[in-house]
Amino acid sequence: MQPYLSVVIKPTLHCNTDCRHCYHTPEERVEGEIALETLDRLFRLVSQEYESAWFIWHGGEPLSLPMSFYKNAVELQERYFGKNNYRCGNTFQTNGTLINRRFMAFCRQKMINVGVSYEGPWNSVLREGDPSKALSMLSAKENKYSVSATISAETALKQKDLYNYFKKDGTNLSLSPVIPAGCAKCNGTVPDPDEYIRGSIEAFEEWFSDTEANVPLIPHYLYIMNYLGDPTPSDCAHTSCLTKWMCVNPDGSVYPCAKACPKEFLMGNINEVSSVSELFSSEGFKRILIGSIRRREKCASCPVYRFCNGGCSMDAYHEGSIEENGGDSCRIYREVFGHIAVRVQQVLDGDVEISSVNPFIRDAVVGKLVNPKTILQ
């Protein structure tokens, strides 16, 4: 059996809001839901080939479907993966506006993580609705949740402010830019790369020297662990994700990524195959694999290639070509990661006093010094 698979499930493309940066166009965001028979087949095939799996419920807005749907879905999972044996887990990625107490109780009972797409005081820049009340309920009930803030042209220089806003409540925060796909392709929401780089580094520096920091800042913390040689994977955009991820749409169609993956990379339909490995042998998957290999061959001489693995194939595709590097996402990573690497090395070399940095960095560096591994220079 293969060790692990991450599966993004889009149970519906319908959404109760109209986000300006959505991967899916308004024409795609129609009502309708994935059939339980399709989920049954998906869970059975994944359980037969993988020791463990993580299912990310995405959309559309997954919570536009009733709670009874998810109770049935989890029952199907337990039929094939078993109960409480940690062979599989779940995360909901939601806009937060439909969270209620029944949903929260269900997530606590089934140990389901919740990710809320939310930009705090600037939420209305990209989204309709305000999930702040729901987040207050999540905090009060001690649900496991985190916030994913999508950085737009308007908020590129407000990333430090977002960190300070969410750290007040101890909310785990992840920052990522709008990509030029779907609705965002031509509506001016994609941030200027220079402003994004500046804002990202400012947020890192605020977190770096915050000795009272109570949350990790993502992806910056993952970049630190990656630089220090920790085997924990970096963020999904900078890992070798192919064959380790797939996305299932409401009609059962399967793609290698959830990021507005075009039909040329269609791997097949879960209802029409006898195994997951059959999907990864499809012509659509071969296309994305070959294009990614060609891009990575061009990246091989770059000093940060060992850390970024050539970046995200879908980012490269939407920036021009899956076979080409050097786009905005590539430059953003090089400059932000390069800054972080210099700062961490200063701590390792003793040029920055370890007591002056936040506890997450202190623990990571101390762990490295106590149990040293080779840091790739």
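Asp 192, Glu 195, Glu 319 and Asp 328 form a negative surface patch in this predicted model. Patches are made of residues with over 30% relative accessible area and no salt bridge, with like charges joined within 9 Å. Asp and Glu count as negative, while His and the chain ends are not counted; the charge is placed at CG of Asp or CD of Glu. Accessible areas were computed by the Shrake-Rupley method with a 1.4 Å probe, and for residues only the protein chains shown count as cover. Helices (H or I, at least four residues) and strands (E, at least two) are DSSP runs numbered from the N terminus.

Residues are numbered from 1 along each chain as its sequence is written. Local features need pLDDT of at least 70 and side-chain atom pairs count only at pLDDT 80 or more, whereas totals for chains, interfaces and linings use all residues; side-chain values use heavy atoms, without hydrogens and water.

The model contains 12 salt bridges, each defined as a side-chain nitrogen of Lys or Arg within 4 Å of a carboxyl oxygen of Asp or Glu. One of them pairs Asp 194 with Arg 331 at 2.8 Å, N to O. This pair links distant parts of the chain, with Asp 194 in helix 6 and Arg 331 in helix 12, 137 residues apart. Asp 194 is partly exposed at 47% relative accessibility, and Arg 331 is likewise partly exposed, at 22%.

Glu 202 is partly exposed, with a relative accessible area of 27%.

Lys 259 and Asp 315 form a further salt bridge (3.0 Å, N to O). Lys 259 lies in the loop between strand 9 (253-255) and strand 10 (268-269) and Asp 315 in helix 11 (residues 313-318), so the bridge ties together parts 56 residues apart in sequence. Both Lys 259 and Asp 315 are buried. Salt bridges with shared partners also join Asp 194, Arg 331 and Glu 335 into one network.

The largest nonpolar core has 102 residues, of which Leu 39, Leu 42, Val 46, Trp 57 and Met 246 touch the most other members. Helix 12 (residues 328-348) supplies the largest share of this core, nine residues. A nonpolar core is a set of buried Ala, Val, Leu, Ile, Met, Phe, Trp, Tyr and Cys residues joined through side-chain atoms within 4.5 Å.

Conventions. Buried means under 20% relative accessible area, exposed over 50%, partly exposed in between (1.4 Å probe, protein chains only). Patches are made of residues with over 30% relative accessible area and no salt bridge: like charges are joined within 9 Å, nonpolar side chains (Val, Leu, Ile, Met, Phe, Trp, Tyr) within 5 Å.
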